[in-house]
Amino acid sequence: MPIFLFVFILMTEFEKMRNGLFYRFDDEEVLNSVRRANQLCAKLQTLTLMDEACRVVEEELIPNLPKSSCVKPPFHCDHGHGIVMGENVFVNYNATMLDGGLITIGSRTKIGPNCQLVTPNHPIDFLERRLPQEKCSPITIGEDCWLGAGVIVCPGVTIGDRSVIGAGSVVVKNIPADSLAVGNPAKVVRRLK
């Protein structure tokens, strides 16, 4: 038996999810993680940044959330512990981060209202899509970036340091550092350096 197949068989569904492999989203460990995040996100919907409890809930939802970073509720995510933020990150109202795959956000990055960072992907084949399975590809956003209102970042995308993504853009491919990208699909329209 090839070593990859052997390792694949030994992996939990949660480990498959985090490693970009097809996994069963009806697995109990995965569902428990989603339930936990859903409960914490529901608590956030009743709080404002001025409420002391807001920060407590956010830090429970997103482990290692830097004190200098700010997430404005309402906020939605699948797991929370798949989100890694640098210092001084600002996430505006109504962000959605589907973090089956890791989502990494560099320091001093600003995320506008209603942005969506989406790591899951369902199979293209409709018969395979009938099964309770998907795979997740990580999203990486560099330092000092700005995502305008309503930006959607698709699975597997990397946005380079200091880049700006125009409001309403859909990012389906990697964006190099120091770029201004706009549109659907987002295209680089200007270098910033």
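Asp27 caps the N-terminal end of helix H3, with a side-chain oxygen 3.1 Å from the backbone nitrogen of Glu29. That is a polar contact (a pair of N or O atoms within 3.5 Å; within protein, one must be able to donate a hydrogen and the other to accept it, and residues adjacent in sequence count only if both atoms are side-chain atoms). The model is predicted, so local features need pLDDT of at least 70 and side-chain atom pairs count only at pLDDT 80 or more, while totals for chains, interfaces and linings use all residues. Residues are numbered from 1 along each chain as its sequence is written, and side-chain values use heavy atoms, leaving out hydrogens and water.

**Helix H3**

- Helices (H or I, at least four residues) and strands (E, at least two) are DSSP runs, numbered from the N terminus.
- H3 covers residues 28-44, which is 17 residues.
- From first C-alpha to last, H3 reaches 24 Å, close to the 24 Å expected at 1.5 Å a residue. The expected span is 1.5 Å times one less than the number of residues.
- Which residues of H3 are buried? They are Val30, Ser33, Ala37, Leu40, Cys41 and Leu44. Buried means under 20% relative accessible area, exposed means over 50%, and partly exposed lies in between (1.4 Å probe, protein chains only).
- Seen down the axis of H3, these buried residues fall within an arc of 100 degrees, so they line one face of the helix. The arc is taken from the directions from the helix axis to the C-beta atoms.
- The buried residues of H3 pack against helix H2 (13-18), strand S1, helix H4 (52-61) and strand S3 (75-77). Contact here means heavy atoms within 4.5 Å.

**Strands**

- Strands of a sheet pair through backbone hydrogen bonds, either parallel or antiparallel.
- An open sheet of 3 strands runs in the order S1-S11-S10, with antiparallel pairing. Two strands pair if DSSP finds at least two bridges between them.
- The edge strands are S1 (23-24) and S10 (120-121), and each pairs on one side only.
- S1 and S11 (residues 133-136) pair over 2 bridges. Tyr23 stands opposite Glu134 in S11.
- Elsewhere, S18 (residues 179-182) and S19 (residues 187-191) pair in the antiparallel sense over 4 bridges. Leu180 stands opposite Arg190 in S19.
- S18 and S19 form a hairpin with 4 residues between them. In the turn, Gly183 has a positive phi of about 105 degrees.

**Salt bridges**

- A salt bridge is a side-chain nitrogen of Lys or Arg within 4 Å of a carboxyl oxygen of Asp or Glu.
- How many salt bridges are there by this rule? The count comes to 9.
- Lys16 forms one with Glu13, the closest N and O atoms being 2.9 Å apart. Lys16 and Glu13 are 3 residues apart in helix H2, so about one helical turn separates them. Lys16 is buried, and so is Glu13.
- Arg24 forms another with Asp26, at 2.8 Å between the closest N and O atoms. Arg24 is partly exposed, with a relative accessible area of 39%. Asp26 is partly exposed too, at 35%.
- Arg55 and Glu59 meet in a salt bridge of 2.9 Å, N to O. They are 4 residues apart in helix H4, so about one helical turn separates them. Arg55 is partly exposed, with a relative accessible area of 21%. Glu59, at 27% relative accessibility, is also partly exposed.
- Salt bridges that share partners join Arg55, Glu59 and Lys67 into one network.
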